[in-house]
Structure formats: structure tokens, C-alpha cells
Amino acid sequence: MLSGFFINITILISFIYLFHRLLYKTPLSTSSPVKQKLAAGIASGFLGLVLLVYTIPLNETTIIDLRLVPVTLMAVFGGWMPTLITGGILAFGRLLMDFSMSSVPAILLLGLSVGSGALIHALVQNVWQRAGWMVLVTNVYMTLLLSQLLPFDKWAAAALFYSFASLLGTAIAVYMFVHLTQVNQMFNRYQYQAYRDNLTTLYNQRAFQELLGQAAEEYPASNRPLSLLVLDIDYFKQINDTYGHLEGDMVLKQLSHVIVASIRPDDVAFRIGGEEFGMILYDCDETHALTIAERIRTDVARTPFILSGQPAPQFITVSIGVGSYPAPEKNVHALYELADQALYQAKRQGRNCVCSPESVS
């Protein structure tokens, strides 16, 4: 009996872990996308079928299982849709195992549990309170069912053990679900922060180096064009000296919005460091890259930058260097060097302009 119970707990923990690794990149909730709810319901239904196979023998004539724990999980976290899907899969599996009148009480138990779960999810907000109500309701249903199926001297012991098993199984399952959700959220947050600039939320220098390195491996083999823009704010030191570094940070934030709005959806913008920004333009030759760079320069020049405490908006300009692949005697690894040289040429030409390697030569 105890060995069967521990097998069920092990199955629960293993499946919940796998579900979170494969399906639950974002927390499962009522507002989750339909695809996520469908996947959660199907996965939980499959878990219930496995638990239905690995039953817990109480004596020579009586067995129980924890098939209602997956129903409870979906009722607690997912709402009516995944709960209904889980219950439907379990009902279908139960009928395949034994299509007879003896399956009617099991189907009735599932139906009552699914309906109660959907109602509890709608009425109760706290996760652990939902789980508590589900355990209480399903145990009442199971106790009534056992009282009808077993002799008086056996149903009480069976109901007591089922109550213990379902309470402990649900507690472990809900804890694992909550814990793994928090772990996933923390991992996603750290992963996001590792490749994002804290100030502008653009990709950072680390992401810039990795994506440029990936392009260096992929683009020569496919013979596709690739361009890189390097942008620098003109006289940014004067902004910091005049208005302070906090206002300078506001300029950087607003500039990042202008850049993102000016490039194509598939292009990627970075804050390389300080007031220097980079943009990788995929499948973009030099002619098109110069057009995009000029659009960015124009958009920045005509955008009013709002600074706190200043009655009038401020206007800034930027200088942009363009590097493109393929280039004569150059490879993708040299793109940053080409764009950086072109940027300094733009600075020497008086700033507020766009330069390419041809301008340098």
C-alpha cells in the first residue's frame, strides 16, 4: 500500500517537473493563451491516465488512485478549460479500460470534480485555498462513493486512507507547481537581464557580441548581405554637464525608443556602452543600410526630448557609421571595425551625418 502511494507521488513529481520544463515557460493561469491551456489540459490528462494505471491497493478487493490530483491542479491554476480537458481525457481512458456499469460511478466522480473545480477556480482567488477546497470537495465525493461500493466495515478505512493520500499528494503537487513556476520566472528574469541593458532595455554588449558572432558563422555560407550601424550621440557630455546624469539617462531611454521605431521589425538594436548604440540589419546591403541610417538620423533630429524640470524640450543629433558585408577584402568579423571607422569619419565631418566605409577612404 505505502509502496504504491510513493510510486504515485514519484510519478506526480516527475511529471510536474517535465511539464514545467517543456510547457510552462509562463505561469499557467486563467489569462494564459488557449494553446497553453490546451497543452496543460492534455498533459494533465495524460498524467491522470498514468496514475490510473498505477493504482494503490488497500486490500485484496479495494484499490484507489490519485487521478483526481491532476484535475485539482488544473482547477487551481488553469481554470475551467484545462480542467475540463483533463477530466474528459480521464473519462475516456476509464471507459476504454472498462466499458460497463461499474465505470459509471467513476465517470460521475470525475464529472462532479471537474464541475466543482471550475466553480472553485472562479470563486476563490488564493492558490492554496483553492487546493484546500478541492481536496475537501473531492474527498466528500469519494467518501460517498466508497460508502455505496464497500461494506460498512471497509469503506471508512478506505475513505480515511484516500483522504490522507489525496491531501498529501495534492499538497506536494501544488507546492511543486508553485515552486517550479517561481523558478521558471526567476530563470527567465535572469536570462532576460543577462542580455538586456538595464537603462534602455535594449540588448546589451554581451548580446551584441554573441549575435554578431552567430552572423559571422551563418552569413558567409549563405552569401547573404548583412549591415551594422554604430551610432553615437553628438556632444552628449554637454547634456550630462548641463542637466545632470539623470537627465542624460532620460535622453538615452528616449533615444532607444526612436531607434527601435526607425529600424525594421527583424533588425536588432543594442546599447553597446555609454552613448554608443549598435544595430544589426539582417539581409540588408549597404544601399539599404544607408537609407535606414539616414532615417534614424532624421527621426532623432526632429524628435523633442523631454527632460524633467526643463520647460522646453531639447533636441539632439547623432552620428552614424555604416559597415556592410560583403565588402572588399573584409569579412563579417570586420563589420564593427568598418562601422566604427565610418562613425569617426562622421564625427570629423561635423557630426549629425551618416558615413560608410567609402567615406573613410
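Student: Why is F46 called partly exposed in this predicted model?

Tutor: F46 has a relative accessible area of 48%, and since the label buried needs a value under 20% while exposed needs one over 50%, a residue in between is called partly exposed.

Student: What makes F15 count as buried?

Tutor: The relative accessibility of F15 is 17%, and because buried means under 20%, that is the label F15 receives. F15 and F46 also form an aromatic pair, with 5.9 Å from centre to centre and 40° between the planes. This pair links distant parts of the chain, for F15 sits in helix α1 and F46 in helix α2 (residues 34-53), 31 residues apart.

Student: Why are F15 and F19 separated by about one helical turn?

Tutor: Both belong to helix α1 (residues 2-22), and because they are 4 residues apart in that helix, about one helical turn separates them. F19 is buried, having a relative accessible area of 10%, which is under the 20% limit.

Student: Which residues form one aromatic cluster?

Tutor: The cluster is formed by Y203, F208, F270 and Y336.

Student: How do you know that D283 and R224 form a salt bridge?

Tutor: Their closest N and O atoms are 2.8 Å apart, and because a salt bridge asks for a side-chain nitrogen of Lys or Arg within 4 Å of a carboxyl oxygen of Asp or Glu, the pair meets the condition. The two residues come from distant parts of the chain, D283 from the loop between β5 (276-282) and α11 (286-301), and R224 from the loop between α8 (205-222) and β3 (226-233), 59 residues apart. D283, at 42% relative accessible area, is partly exposed, and R224, at 31%, is partly exposed as well.

Student: What makes K347 and D232 a salt bridge, and are these residues buried or exposed?

Tutor: The closest N and O atoms of K347 and D232 are 2.7 Å apart, which is within the 4 Å limit, so the pair is a salt bridge. K347 lies in helix α12 (residues 335-348) and D232 in strand β3, so that the pair links parts of the chain 115 residues apart. K347 counts as buried at 15% relative accessibility, and D232 is buried with a relative accessible area of 12%. D232 and K347 are also linked with D234 in a network of salt bridges.

Student: How many disulfides are found, and why is C353 in none?

Tutor: The search of the whole structure finds 0 disulfides. The cysteine sulfur nearest to that of C353 belongs to C355 and is 4.3 Å away, and because a disulfide needs two sulfur atoms within 2.5 Å, C353 is in none. C353 is buried with a relative accessible area of 16%, and C355 counts as buried at 1% relative accessibility.

Student: What makes L136 partly exposed, and which patch includes L136?

Tutor: L136 has 47% relative accessibility, and because this lies between 20% and 50%, L136 counts as partly exposed. L136 lies in helix α6 (residues 127-149) and, together with W133, V140 and L144, makes a nonpolar surface patch of about 410 Å².

Technical notes:
Residues are numbered from 1 along each chain as its sequence is written. This is a predicted model: local features need pLDDT of at least 70, side-chain atom pairs count only at pLDDT 80 or more; totals for chains, interfaces and linings use all residues. Side-chain values use heavy atoms; hydrogens and water are left out. Patches are made of residues with over 30% relative accessible area and no salt bridge: like charges are joined within 9 Å, nonpolar side chains (Val, Leu, Ile, Met, Phe, Trp, Tyr) within 5 Å. Accessible areas come from the Shrake-Rupley method with a 1.4 Å probe; for residues, only the protein chains shown count as cover. Buried means under 20% relative accessible area, exposed over 50%, partly exposed in between (1.4 Å probe, protein chains only). Rings of Phe, Tyr and Trp (its six-membered ring) pair if their centres lie within 6.5 Å; planes under 30 degrees apart count as stacked, over 60 as edge-to-face and the rest as tilted.
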